[in-house]
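Please look through the sequence and the 3D structure shown below before reading on.

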Amino acid sequence: MQHLFLFLIASFATLHAAKPFPTPAALWKDYDPNQGAFKEEIVKQETRDGIFSRDSYISAYVLGEEVRVYCRFKVKAGAAKAPGLLVVHGWMGAAEPDRKFVEDGWAVMAHDYCGKTGTRPHFTKYPEKLRHGNMDRTVAGPARAQDLDGKQITDPKQTSDYLWYAIQRRVLSYLEQQKEVDRTRLGATGYSYGGTLMWNLATDPRVKAVAAYFGIGYNDYYRDKQVWLYNVPYVEPPKSSGEEIILASIVPEAHVPFITAATLFLNGSNDHHGGHERGLESFKMFPKGVPWSFAIQARGHHDTEKIGHNTKFWLEKHVLGTDVVWPEHPNSEIRLDADGVPELVITPASPDSVRKVEIFYALKNPCSFARAWRDTPSVRQGPQWVGKMPVLHVNDYVFGYANITYDTTIVRSTDFNAAIPAKLGKAVATDKPSSDLSGSGYSAWSNIAELEGPRGIQGFRSTNNGRGSGTEQLHDPKWQAPAGSRLSFKFYCTEPQTVVLTAADHNSVELEITASDHWQEMTIGPERLINRFNQKPMSNWSSVGKIHFLPKPGSDLSKVIFAGFKWVP
């Protein structure tokens, strides 16, 4: 009898372990976003400058509870049969319809899903049983692999994302029923965490096309536990039971096989949310016949100003049915040239329609958002473009990709390419470490304008006094600081300014930029920078991957010309 009991227990455990987690399709099979009255409560509506606006609350019904969702709607006054666009905000964001699309004739709906935070008068109101819908941790905090009590979830419907997914589908139903809207032409855009939510919305058959800014997935578990795709050695630590559930049912990448909407992804190569190379693997798993495209802005974090115009073309093509010629996905590969130097070879579709090809490459670093991307010249060879990628060590990874701009201004990125040169053949390392950080120019710096200063010295000036200017170039092993070195640079400024230099985010020092009609030079030892958490001086520059300049309040960084960055003993 004891053996039979043990056998039954073991059999039950096996059956329980084998029970599959619900796919996103199964999870949403019985959810009806049209169920129940909207109970619309108008907060404000007006027509100004030809634009009709209405702010309102509606009811969404999730897991037997009623959520009051705050919505904002804008459309041209008197519009009829306008295409509808749902705009989903980012983490701790707020509802804000995209005015540009309104002016282009779209009926635009935005909604809040952040919930209560700060002193905002209007926000989505979650009932107590669903309080984890509030993003603000001082109010509740999101539930993901664990609930608010720190226990592993046992059902994907316990997550905050499930609530946010349900709410956006309900708001889509509200958008559909607006008298100005053509319900057969619906699209959506999501920014940052709104980009994460787009992957669920892209499985809703009512939506023709989506544009996801960042938020491609592979954050839960993979980013959180630093399971980078090119770690050496590559090891996946055990997943908790809660992580297993969200990876199967909730995260963006789980939705890929069920996507029906044409999907555009826009990201920055260094965005911690976008998950560059691992995320791009998702497009290889798209259902056959579903259009997709992506563009990656080099060195971008939450930056897409060079590729963001793709969204307008994408939505016009796939929602409005406009005759937009979208180029096919390009081919790319890393190979060795005749001398053993790695090179990236690009074969774009419609090569005669290509305006330019920009090739970027990086060395060694497995962390996608901490790489230092280099520009490398592209040379056309018939229908292909080739860029050399010299390396420091043939046994370290080299990464490369390209952005292809067409005559239409549409930008397509190639796949993310990675290779260990020594495994490609007789590879040769031709690159060398350098202490001259300015020798390759200033393309790796953010928010700058390169210029020629006095005495013909090439430098740069910051173009954004609010965000400042910085570089992640120091993540590149070529420009890593030698042991015991100090940072030296030139500056030219005719009015005194005070600027703040930060290193690796947490270390900083105030620098007095004195006025002069001549170039001046400054050398900064690591001990001058103080860690804002422990108040200790920084020990060395060698572990620093990025530096950043900001003006002290009352100063103007844009009045300083910087040049000649280098490491000195």
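What follows is a short report on this structure, arranged by topic.

## The model and its conventions

This is a predicted model, in which local features need pLDDT of at least 70 and side-chain atom pairs count only at pLDDT 80 or more, while totals for chains, interfaces and linings use all residues. Residues are numbered from 1 along each chain as its sequence is written, and side-chain values use heavy atoms, with hydrogens and water left out.

## The chain as a whole

The chain contains nine helices and 28 strands, where helices (H or I, at least four residues) and strands (E, at least two) are DSSP runs numbered from the N terminus. With a radius of gyration of 26 Å, close to the 25 Å that the globule rule gives for 569 residues, the chain is as compact as a globular protein of that length; the radius is taken over C-alpha atoms, and the rule is 2.2 Å times the number of residues to the power 0.38. The C-alpha trace spans about 80 × 70 × 60 Å along its principal axes.

Of the 569 residues in the chain, 54% are buried, a word that here means under 20% relative accessible area, whereas exposed means over 50% and partly exposed lies in between (1.4 Å probe, protein chains only). Among the contacts (heavy atoms within 4.5 Å) with a separation of 6 or more, 68% are between residues 24 or more positions apart.

## A covered helix

How many of the residues of helix 5 are buried? In this helix, which runs over residues 193-201, nine of its nine residues are buried, among them Y193, W199 and L201. The elements that cover these buried residues include helix 4 (160-176), strand 6 (181-191) and strand 8 (262-268).

## Salt bridges

The structure holds 40 salt bridges, each being a side-chain nitrogen of Lys or Arg within 4 Å of a carboxyl oxygen of Asp or Glu. One of them joins the side chains of D55 and R72, with 3.3 Å from N to O; this pair links distant parts of the chain, since D55 is in strand 2 (residues 51-62) and R72 is in strand 3 (residues 65-76), 17 residues apart. Both D55 and R72 are buried.

In the salt bridge between K284 and E281, the closest N and O atoms are 3.1 Å apart; K284 is exposed, with a relative accessible area of 57%, and E281 is partly exposed at 31%. There is also a network of salt bridges that links E176, R183, D204 and R206.

## Pockets and cavities

Rolling a probe the size of a water molecule over the atoms shows where empty space is left. On a 1 Å grid over the protein atoms alone, a cavity is a set of points where a 1.4 Å probe fits but cannot get out, a pocket is an open set with protein on both sides within 12 Å along at least five of seven lines, and lining residues have an atom within 4 Å of a point. Grid points are joined across faces, edges and corners, and a volume is the space filled by probe spheres set on the points.

The largest pocket holds about 1300 Å³ of space, and of the 48 residues that line this pocket, R299, G300, H301, D303 and S446 are the closest to its centre. Its lining has 16 nonpolar, 18 polar and 14 charged residues, where Ala, Val, Leu, Ile, Met, Phe, Trp, Tyr, Cys and Pro count as nonpolar, Asp, Glu, Lys and Arg as charged, and the others, Gly among them, as polar. The second largest pocket holds about 410 Å³, and the closest to its centre of its 23 lining residues are W91, R144, Y193, R223 and H273. Helix 5 and helix 7 are the elements that give two or more residues to the lining of this second pocket.

There are four cavities of 30 Å³ or more. The largest cavity has about 100 Å³ of space, and Y218, W228, G275, R278 and S368 are the closest to its centre of the 13 residues that line this cavity.

## Details of the backbone

The peptide bond from V232 to P233 is cis, with omega near -5°, and P233 lies in the loop between strand 7 and helix 6 (241-249). F214 lies in the loop between strand 7 and helix 6 and has a positive phi, near 65°, although F214 is a residue other than glycine; F214 is buried, with a relative accessible area of 0%. M92, which is not a glycine, has a positive phi of about 55°, and M92 is partly exposed at 34% relative accessible area.
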